[in-house]
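Let's take a walk through this model together, one stop at a time. Have the backbone in view as you read.

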Amino acid sequence: MANQLNLGENNQPLAGVRVLELGNFIAAPFAARIFGDFGAEVIKIERPDGGDELRDWRKARGQTSMLFRTIARNKKSVELDLRSELGATAIKEIIKTTDVLIENFRPGTLEKWGLGPEVLSGINPDLVLVRISGYGQTGPYKDRAGFGSSAESFAGLRYITGEPDRPAGRAAASLGDTVAGLYGVIGALMLMLNKAKGGRNQEQNVVDVALYEGVFSLLESLVPDYDAYGMVRERTGGRLPGVVPTGSYTCQDGLEVVIGGNSNSVFTRLMRAIGREDLASDQSLMTTEARGAREEELNGAIEAFTGSLPLQQVLAALDSAGVPAAPVYDAPSIAQDAHYQARGMIETHEVVVDRNPELIRFPGVVPKIPGHQGEVKWVGPDLGEHTEEVLMGLTGFDAGQIAAMGSKAVK
């Protein structure tokens with residue numbers, strides 16, 4: 001590890017691990033954030049004059065978006081031009097004491113800068129290199145540009161998302177990127193665990209994550225269903241074909257509740273909770289196929305119940321009956337919910353949004369590991385905030401060399 005680990009009580013599990021992030025946007029930064037949440041030192045390299053473009057995404061005011069503040073938390077920002085000779089030299093010096101490098105450039109970019117796997121492993125044979133790209137490092141499409149949106153489409157997710165009579169929909173979040181980031185972390189930790197167990201060192205410790213493959217892995221039996229049954233899944237709105245009853249239902253006050261009553265025992269409890277003992281005791285409904293054939297009837301019964309009561313009364317009745325259900329929350333509902341707060345999933349941090357410090361609520365750390373909790377030490381830093389600290393400390397560069405890299409390099 002980069003530094004000697006101290007596994008004392010309440011120590012974060014990745015303390016002593018050094019991670020170098022060369023990525024932009026979502027996928028690689030999301031992966032690096034997880035390392036930082038659990039104690040790793042994460043050094044984020046950003047291009048001079050602007051940095052990660054995520055700094056501008058959904059920015060209503062101020063200089064830095066809350067999206068960047070969220071995903072770049074617990075990271076040190078270093079302003080560095082990777083295309084320059086000095087920039088490449090700095091990276092090679094940092095690599096000497098780095099455990100994990102995470103990047104999400106198009107395949108061949110690192111090699112073009114003289115920082116390919118052969119070079120990096122020659123400098124540090126123990127380095128784990130996580131490479132996230134649209135289509136992976138191999139295959140006929142490897143050189144294609146790929147964002148999360150194209151990955152979700154190529155993987156089949158967009159085809160089955162949305163209403164059947166409308167164009168393909170999407171979740172209003174970067175699922176393809178974040179899932180790839182999670183797989184990147186899993187791969188890196190597996191290689192690190194293998195090394196810790198005395199496993200044989202590979203010539204290059206590379207984790208190759210394709211955005212589309214992460215999404216495709218979430219789609220369960222999409223292709224097997226096609227081969228076995230000739231079934232091509234189509235868009236079905238908020239309900240899943242053959243998984244009945246489940247979906248979103250409107251309550252008397254216009255608010256929505258999502259109910260999952262698609263297992264035999266839960267279905268029975270749900271029907272009793274909505275006052276339909278006749279359906280609860282109907283043995284012909286004790287298979288998923290039978291419930292699927294009567295989907296319209298069953299959903300009608302549920303809608304009659306939810307439409308007669310306000311949301312809170314619906315939730316209370318379903319909770320009492322042991323039926324999985326939840327309100328369809330927006331951001332204000334999440335921010336004030338008592339359970340989110342009790343679990344530490346809403347944290348307040350002071351941030352300069354425009355000119356003056358403000359208290360802003362941010363998401364907490366996942367997962368919960370008693371005795372080794374993750375922590376948000378600071379939210380996403382200003383561009384180049386740690387340039388001097390990192391480059392002087394890890395590369396031996398002096399102020400003059402750092403200044404030569406760009407007018408904003410020294411903070």
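Predicted model: local features only at pLDDT ≥ 70, side-chain atom pairs only at ≥ 80, totals over all residues.

Pro367 sits in the loop that links β11 (357-363) to α17; helices here are DSSP runs of H or I with at least four residues, strands are runs of E with at least two, and both are numbered from the N terminus. Residues are numbered from 1 along each chain as its sequence is written, and side-chain values use heavy atoms, with hydrogens and water left out.

A cis bond also joins Val244 to Pro245, with omega near -5°. Pro245 belongs to the loop between α9 (222-229) and β7 (246-250). Most residues other than glycine have a negative phi, and most peptide bonds are trans.

Now for phi. Phe25, in the loop between β1 (18-21) and α1, has a positive phi near 65° although the residue is not glycine. Asn74 likewise is a residue other than glycine with a positive phi, near 65°, and you will find Asn74 in the loop between α2 (66-71) and β3 (75-79). Is Asn74 buried or exposed? Asn74 is buried, because its relative accessible area is 4%; buried means under 20%, exposed over 50%, and partly exposed in between, with a 1.4 Å probe and protein chains only.

After α1 comes Gly39, with a positive phi near 105°.

Next, look at how helix α3 (residues 85-95) meets helix α17 (residues 387-394): their axes come within 9 Å and cross at roughly 65°. α3 is therefore roughly perpendicular to α17, a label for angles of 65 to 115 degrees. Axes are lines fitted to C-alpha atoms, for helices over the stretch in contact, and angles run from 0 to 180 degrees between N-to-C directions. The crossing of α3 past α17 is left-handed, that is, the near helix is turned anticlockwise from the far one by less than a right angle.

Finally, turn to helix α7 (residues 175-196), which holds Ile186. Ile186 is partly exposed, with a relative accessible area of 44%.

How values were computed
Parallel < 35°, antiparallel > 145°, perpendicular 65-115°, else oblique.
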